[in-house]
Amino acid sequence: MLAFYYLSLTLLMTVLLLLTLFKAINRSTEDLNLRKSAKTKLLVGFLIWHLYTYLIATSGILQSFEFPPRFALFLIVPLFLFTGIFLYNQRSKRWIQEISITWLTSIQSFRILVETIFVLSVAQGVLHVEATIEGYNYDMVFAVTALIIGLGLVFKKISLKVVLWWNYTGLLILFSVIFVFVSTIYFPGLYGYENTPAPLDLTKYPYVLVAGFLMPMAVFIHVLSIVQIKNSKSFKRT
């Protein structure tokens, strides 16, 4: 059942993000060929992303906590590079401005579900408690603010500058979560352990989808929102 939760949330977020991006592409151009080309590139990109995550997780390469950190080198770093390069190349595209900023903020509340699954994972020995809200992972608290910021945008009570800094804060929170995961593996003494409390199941599929898709997707949406705000005419006038 736990594996089903990981797979279901990943599928749900993939579909929601693709539908949102497809809608933005439709609104950005009337050229059917351009629409088809852009959608095809996105779909292929996501398929490659998922396929790479599956293959690298099932290959056994990640199933070691020896140094250098294979988890970071083969999974986290490549996906972050993909996000950075893709959004840098697309930063001036019209479709980015066609995405609802309210959606970009509110959707980050999906991290509440991620952290809930984390707690269930501890109970089944797939994850260690330090990486949850019971330890040093405060991402669930931030995820709740996504709903508050979203409501503020709906009722026009929050400025774009606030949303911009909220996105920067969200990235810092995500990096702090990464630090907790990495440090519990390579520096367990910081948390009072002689050996790492992290189980190797973390590196297996589908549990690896958190680091392989859900967390990078949260980073992707944050960066996408930052690019959108900085390109916004209303923001530039302030």
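Which residues form a nonpolar patch on the surface? The patch consists of Met1, Phe4, Tyr5 and Leu120, which together have about 440 Å² of accessible area. Patches are made of residues with over 30% relative accessible area and no salt bridge, where like charges are joined within 9 Å and nonpolar side chains (Val, Leu, Ile, Met, Phe, Trp, Tyr) within 5 Å. Accessible areas come from the Shrake-Rupley method with a 1.4 Å probe, and for residues only the protein chains shown count as cover.

The structure is a predicted model, in which local features need pLDDT of at least 70, side-chain atom pairs count only at pLDDT 80 or more, and totals for chains, interfaces and linings use all residues. Residues are numbered from 1 along each chain as its sequence is written, and side-chain values use heavy atoms, with hydrogens and water left out.

The term pLDDT denotes the predictor's confidence in each residue, from 0 to 100. The chain has a mean pLDDT of 88, and 97% of its residues reach 70 or more. Among the elements of the chain, the highest mean pLDDT, 94, belongs to helix α5 (residues 101-106), and the lowest, 57, to helix α10 (residues 233-236). Helices (H or I, at least four residues) and strands (E, at least two) are DSSP runs, numbered from the N terminus. Where pLDDT is low, the predicted coordinates should not be read in detail.

Attention now turns to charged side chains. Side chains of opposite charge can pair when their charged atoms come close. A salt bridge is a side-chain nitrogen of Lys or Arg within 4 Å of a carboxyl oxygen of Asp or Glu, and the whole structure holds four of them. In one, Glu98 meets Arg27 at 3.5 Å, N to O. This pair links distant parts of the chain, 71 residues apart: Arg27 belongs to helix α1 (residues 2-28), and Glu98 to the loop between α4 (94-97) and α5. Glu98 is buried, with a relative accessible area of 18%, whereas Arg27, at 49%, is partly exposed. Glu98 also forms a salt bridge with Arg94, with 3.4 Å between the closest N and O atoms.

Key: Buried means under 20% relative accessible area, exposed over 50%, partly exposed in between (1.4 Å probe, protein chains only).
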